[in-house]
Amino acid sequence: MRRLVGVLLATFMLAPGSALAEQSAPVVAPPTTVVPSSGLPPQVVDNRSNNNVHAIRHAGRVYMVFRTAKWHIASEDARLYVVSSRDQRHWRFEGGFQYGRDLREARLMWWRGHLYLYFALLGANPAAFEPGGTMATRELAPGRWLAPRRILFDDFIPWAVKVHRGVPYMLGYTGGGGTFTPNPPDKKVFWLKTSDGFDWRPVDPAHPVVYTGQCGETDFLFRADGSLVTACQTENNDRLGWGAKVCTAPPGHSSRWTCRGDTRRLDSPFLFQHRGAVFVIARRQPAFGGEYDLHYDWLPDRNTKFAVYDASYAGTPKRCAVWRINPRPRTFEPVVDVPGHGDTCYPAVSPLSRDRYLVYNYTSPLSYPDEPWGTALLHGPTLIYRTTLTFR
């Protein structure tokens, strides 16, 4: 969840910067709209702003969870719907959740024959980011779930939940409520695993926090040799500067991260790999040469820089891109855009074959004007679509 800070700087709507890299670029299929669509079950009610989508594949079905509300920012009418499908056109109702407050960052996990759901509670104040804890539940039958219960810390936000070699892992963070306060406190990124789906404990009890700084949304993947690669989004600066962080950990020591900062942003990152190469799908800034750090060192302090940088970022159009990560130097470069403009980019990726990948994502309608991101957040609508990436 992003909150608009300051006045939108429409005058910063500049032309896109450098061209995308051509090496290892997959072919992106035309998008197919999933939400809204006639194939959704009658229990699902489209409320204009459809986003925060996660999708997984299991046993010939695609399971999808998504948020719908009157707008993207915090809203008391937010609902989460879970649906599943064999053909991705006709969907079966799996469940719905509403708490009279905002709901976000929903993640599905299929493990040991059960479907688990994790999501974050937030407030209903559209002008604030108010973490209210993490909820966890397990499906008993289509449309029936265990009563969701709180897990972890009061302000914990789950971001990535994945199963690796039969073990569920989670990355999430605390401290998000201070993001938009002067001199914001550090966020803490936790690296966790579970043996029952509800009781999450540190992978390494001696190192439960793997990053302290301004990393929030942080995704991960394990490489074939057992090493870990992660990418995180930041809004404010920390010891590694303004912008994204790419971190790695050696085989057998996944809690020992070494990180590098970058002056661009990787919002809502989702990592995947193709034949050993590491990729991330995340938001891309076409303006300012792709930079989030505008290098306005003449500004008086950190808080003033954040107000200008955040407003400048919100006041320009965005894209959703596939980036390639080079794990050794911890660098990344954009490869190709996937469909998306306006309010866009919250992807989920699943392999279909050796060279094809299923992508679920959201965007403002592609027939609409290419609005600044901060403007599109406020009035919608947004839709959820699927596409495929094919490497050749």
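Helices (H or I, at least four residues) and strands (E, at least two) are DSSP runs, numbered from the N terminus. The structure described here is a predicted model, in which local features need pLDDT of at least 70, side-chain atom pairs count only at pLDDT 80 or more, and totals for chains, interfaces and linings use all residues. Residues are numbered from 1 along each chain as its sequence is written, and side-chain values use heavy atoms, with hydrogens and water left out.

## The largest pocket

Rolling a probe the size of a water molecule over the atoms shows where empty space is left. On a 1 Å grid over the protein atoms alone, a pocket is an open set of points where a 1.4 Å probe fits, with protein on both sides within 12 Å along at least five of seven lines. Lining residues have an atom within 4 Å of a point. A volume is the space filled by probe spheres set on the points, which are joined across faces, edges and corners.

The largest pocket has a volume of about 680 Å³. It is lined by 24 residues, and those closest to its centre are Lys-162, Val-163, Phe-270, Val-349 and Pro-351. Strands β3 (49-58), β7 (103-111), β12 (157-164), β17 (218-222), β21 (270-274) and β25 (348-351) each give the lining at least two residues. The largest share, 5 residues, comes from β3. By type, the lining has 16 nonpolar, 6 polar and 2 charged residues. Here Ala, Val, Leu, Ile, Met, Phe, Trp, Tyr, Cys and Pro count as nonpolar, Asp, Glu, Lys and Arg as charged, and the others, Gly among them, as polar.

## Helix α1

Helix α1 covers residues 302-314, 13 residues in total. From its first C-alpha to its last it reaches 18 Å, close to the 18 Å expected at 1.5 Å a residue; the expected span is 1.5 Å times one less than the number of residues. At the start of α1, a side-chain oxygen of Asp-301 comes to within 3.2 Å of the backbone nitrogen of Asn-303.

Which residues of α1 are buried? They are Lys-305, Phe-306, Tyr-309, Asp-310, Ala-311, Ser-312, Tyr-313 and Ala-314. Buried means under 20% relative accessible area, exposed over 50%, and partly exposed in between (1.4 Å probe, protein chains only). The cover over these buried residues includes β22 (277-284) and α2 (373-379).

His-295 lies in the loop between β22 and α1. Its relative accessible area is 45%, so His-295 is partly exposed. Not counting residues up to four places away in sequence, His-295 touches Thr-263 and Tyr-309; contact means heavy atoms within 4.5 Å.

## Backbone features

Most residues other than glycine have a negative phi, and most peptide bonds are trans. A cis peptide bond, with omega of about 0°, joins Val-35 and Pro-36. Pro-36 is in the loop between β2 (32-35) and β3.

Arg-48 is also in the loop between β2 and β3, and has a positive phi of about 80° although it is not a glycine. Arg-112, in the loop between β7 and β8 (114-122), is not a glycine either and has a positive phi of about 55°.

| Residue | Relative accessibility | Class |
|---|---|---|
| Arg-48 | 41% | partly exposed |
| Arg-112 | 61% | exposed |
| Ser-85 | 0% | buried |
| His-72 | 7% | buried |
| Glu-94 | 0% | buried |

Ser-85 is in strand β5 (residues 79-85). Its side chain makes a polar contact of 3.0 Å with the side chain of Asp-87, and reaches the backbone nitrogen of Gln-88 at 2.6 Å. A polar contact is a pair of N or O atoms within 3.5 Å; within protein, one must be able to donate a hydrogen and the other to accept it, and residues adjacent in sequence count only if both atoms are side-chain atoms.

His-72 is in the loop between β4 (61-69) and β5. Beyond its neighbours within four places in sequence, the contacts of His-72 include Ser-49, Arg-104 and Asp-343.

Glu-94 lies in strand β6 (residues 92-97). Its side chain makes a polar contact of 2.6 Å with that of Ser-84 and one of 2.7 Å with that of Arg-92.
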